[in-house]
Amino acid sequence: MISAATARRNAPLWVRLLLPKDAPLYQRNDAVMGWLMAFPALLVLTVFLVIPFLMAFVISFTNQRLISPNPAEWVGLRNFERLLTIRPFTLEPERDESGAFVYDDDGSLSYPRLRNFTRNNPDYPDLDGLREFTSWQAGENRTVILAADVVFLRALINTLIFAAVIAPLQGGLALLLALLLNQALPFINVFRSIYFAPVVVSMVVVALLWRFIYDGNNGLLNTILGMITFGSFQPVDWLGNPYTAMPAMIAMSAWQAVGFHMVIWLAGLQTIPVSLYEAAGLDGAGAWQKFRYVTWPGLRNTAVLVLIVITIQAMGLFIQVDVMTRGGPLDTTQSVVYQAVQRGYGKQDMAEGAAISVILFVIVFTIAMVQRYLTRERN
Amino acid sequence: MKKALSISILVIMLITFSGLASAQTELSLWYHGAGNETERSILLGIIDDFNASQSDYTVVLEEFPQESYNSSIVAAALAGDLPDIIDVDGPVMPGWAWAGYMVPLQLSEGALDGFLPGAIGEYNGEVYAVGLWDAAVSIYARRSVLEANMIRIPTLDDPWTGDEFDGILETLQATGEFEYALDLGMAWTGEWYPYAFSPFLQSFGGDMIDRSTYLTAEGVLNGDAGVAFGNWWQSLFERGLAPGTSQDGADRETGFIDGKYALQWNGNWAGIGALEAVGDDLLFLPAPDFGSGSTIGAASWQFGISSSSENKEGANAFIEFAIQDEYLAAFSDGIGLIPATAGAAEMSQHYSMGGALEVYFGLSEAQALVRPVTPGYATLALIFEKALADIANGADVQDTLDAAVDEIDQDIEDNMGYGFDM
C-alpha cells in the first residue's frame, strides 16, 4: 500500500489543487470522483436547462423577435405589464339628454361600447388597449374587469384549474388502482401492464385517438352512452362545447398518466412491512382502519412525490391542447405553455414567449416551495 | 538542380490552377419535401439535367421534412449557414426577405412571362422567388345532387351569388340526406384558415389587413364588410350547415366522398383522389361572389436565393433552368399541382384541355389573390385563424374582430411597421 504522501505527489495537478493540502487523500478522491460522476449530468443540465432559462430571463426584458432585422432593445417590464395588467372599471348606462336611462328594445339598460374607453380615448389613458375579461351587474352600473391580455389570463386560470383538479383526481385514481393491484392474485402483472400501457404511448398519439373518441357525431363515447341509455342520450360535441372541452381534456390526461403514478404508489405500498398489518389485525383493526392508520402514514413520502410531480406536469399542459383543441372553443382550453409556444414561435415574438416562461417558472417554483413547506417533517 | 526544382514547382502550380479553374462550384439547395419519393425523383431529375447542361456548377440537394423546414432555415440563418438556393412558402417569403435571408432574383428579361401571378413571389417591387406550380381551391359538388335539388351549376363568369349560395346550403341541409351541407375543412387548423377563408372575407369587401399601407387592419378587418362576413360565418355554424372547429380529420378527408357532406371547400391537391372515388359526377365549382367578386388564395412553395450565397449567378442560372415548361409539367403530373404556365398546363396530364383538373388552371388565372405580402404575415395568419375559430364557436363578432385588429396593429407597431413607411 502506497503512503498518502506518495499518492498525493502522483496525483494529477488539478486533483492536488482542488482540495486543501491537509485533507486526507481518500476524501479528496471521493470529492473528485463525486464531481467527475456528476459532470456529464451537470453539463447537460447547464447547456439545456440553466443557460436557456437565463437567456429566457434576459430576453423577457427586451423586444427580441425570432426573425427581424430590427435590433433588440431593452423594454424593461413592458412584456410583463402587457401580460398581467388588470383594472376594474365601472360602466354607467347611457343616458339621453334629460339624464334618463336609455333602454334597449327588450327593456334592458343600454351601455356604451367599451372600446370607446379602451381605444384612443385621451380621458382614460390607463385603459388604453385593455379588453373585457369578465363583468357583473352592480345596481344600474356594470363592473367590468379589464385585462391587457385576456387570452393569457384565461390560459393562466385554465392551467391552474387543470392542475388543481387533476392532482387529486389522477393521484387518487392511481392510489385506488395501486391498492387493487397490490394483491397476490393470478395474472396480476397482466393487469399492471394494461394499466401502465397508456403511459408508454406518446401523448400525441393518445390525444389523436381521443379526438376520435370525443367526436361529436359518431365518436366512441357518444355511441357507448347512446347504447347504455337505449338511445335517449343526446350526442355531445365534447371538444367543441365550451362547457365540456376542459373536463374532457382533464379526463383524458388523467387516463393517460394514471398508470405511471400507480406504479409509484405500488412501490410505496410494498415498502410497508406486512408485520404492521398483522399487528393491526391482532388489535382488531378493520380494512378501513388498516388503510387509515397503517397504509396512509406509510405512504406519506410517496404522496408528496406523486402530488408534486402531477402538479408540475399539469402546469406544463401543452400537447393535449395543441393536438385536440388549439386552445378553443372560446379559449376554454388555453394553457400557459401553449400560449408561450404560440407567441414565441408562431407569432415570432420571442420576448413575450420568454416572459410567459418566466411567469410560469415563478408559479411552479412557488407551488413546489409551498408544497415542500406543507409536507415538511415535523419533529 | 535548382532550375529543375523551379520548373517542377511551376508545373505543379499550373496543374493546381487549371484544376481549380475546371473544378465545379457546388450550389446547395434545401427542399421541404423529404419523404415524398415522387417529388424527390422529379427534383433530382431537374438537378441532374442542370448539372449536365453546363460545367460551372453542381447543385447538391438536401431535403427536410416540411414540419421542420422553416425552423431549419431560421436556425441556419442565425448560424450564418444558409444554402445557396432556398425553397420558401409563398406567404413566408416577405418575412425572410425583410430579415435579410434572401436577395431578389436576377432572371433574364421575360423569363417569367406567362407565369400565373400566384407563382411569382414579389415583395417591395422585386421578385424574390418563383414557383413551379400554384394551388387553388374550389367547391367540390356532385352533379346529381345539384340537379336533384334544381340547383344551377355556376361558372367562372357567373358564380353563385352570396344569397344564392346561402339558399343552396339551406336547401341541401333541408333534404336531410347529409350530416352537413358544407364542409369547410375546420379540422385543418393552421395555414388553411387564412388561405382558404380569407377569400370569403375579401369577397364581402373586407380583408385581413389594409393592403394600401400594410400598417393597420382597422376598418378593413373589423369594418362593415368584415362584420357582415363574420355574421354570415357564425351563422353557418349556428344553423348547423357546416361542421365546426371540433370536426375530426378523418371526416375532413372522406366526409364528402362518403356522402356525409353535400359540398366541400377543398384544394386541387385532393382532386384526383375525389375523382377516383366519385367519378364523372364530381364538379369543381368556383367560389361564390358575396358582392366584391370571387377570389381564392394563391402562392405555394417557390425557389429563391439566399443573401449569403457566394454564387448568386449560379443560383439564378439553376432557377431559370428549373422553370422550363417540361419540369413544371413533370411536377404537375407527379404530385397533382397546377403548372405555373399555360404552356406547361397544355403539356400536363391533368390540366391540359379536357384534363380532369383543367378548371383549376382557369380559377388560378382568374381569381388568385396572394395572401397579404408583409413580413408580419406569420403573426397576422395566427390572429386571423383564432378570430375565425372564436366566431365559429359563438364569440361576439364585432368584439372578436376589434380584438384581432388591436393585436395586429400592436404587432405592426412593435415591429416598426415591418419595413413599411409609418
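What radius of gyration does chain A have, and what would a compact globule of 379 residues have? Chain A has 29 Å, whereas such a globule would have a value near 21 Å. The radius is taken over C-alpha atoms, and the globule rule is 2.2 Å times the number of residues to the power 0.38.

This is a predicted model, in which local features need pLDDT of at least 70, side-chain atom pairs count only at pLDDT 80 or more, and totals for chains, interfaces and linings use all residues. Residues are numbered from 1 along each chain as its sequence is written, while chains are lettered from A and ligands numbered from 1 in the order in which they are written.

**View 1. Chain A as a whole.** The C-alpha atoms of chain A fill a box of roughly 105 × 65 × 45 Å along the principal axes. Chain A holds 16 helices and three strands. These are DSSP runs numbered from the N terminus: helices are H or I with at least four residues, strands are E with at least two. Of the 379 residues of chain A, 28% count as buried. Buried means that 20 or more other C-beta atoms, placed from the backbone, lie within 10 Å of the residue's own.

**View 2. The sheet of chain A.** Three strands form an open sheet in the order 1-3-2, with antiparallel pairing. Strand 1 (86-91) and strand 2 (131-138) of chain A stand at the edges; each has a single partner strand, so one side of each lacks a neighbour in the sheet. Neighbouring strands are turned by 20° against each other on average, direction ignored. The axes behind this angle are lines fitted to C-alpha atoms.

**View 3. Strand 1 against strand 3 in chain A.** Strand 1 pairs with strand 3 (residues 141-147) in the antiparallel sense over six bridges. Two strands count as a pair if DSSP finds at least two bridges between them. L91(A) stands opposite R142(A) of strand 3.

**View 4. Two domains of chain B.** The domain assignment gives domain 1 (26-135 + 300-370) and domain 2 (137-295 + 376-419) of chain B. Their C-alpha centres lie 28 Å apart.

**View 5. Where the domains of chain B touch.** In chain B, 17 residues of domain 1 are in contact with 18 residues of domain 2. Contact means C-beta atoms, placed from the backbone, within 7 Å. Helix 14 of chain B gives the largest share of the domain 1 side, six residues. By class, that side has 13 nonpolar, four polar and no charged residues.

Conventions:
Buried ≥ 20, exposed ≤ 12 C-beta atoms within 10 Å, placed from the backbone. Domains from an automatic or database assignment. Contact = placed C-beta atoms within 7 Å. Nonpolar A, V, L, I, M, F, W, Y, C, P; charged D, E, K, R; others polar. Axes fitted to C-alpha atoms, helices over the stretch in contact; angles between N-to-C directions.
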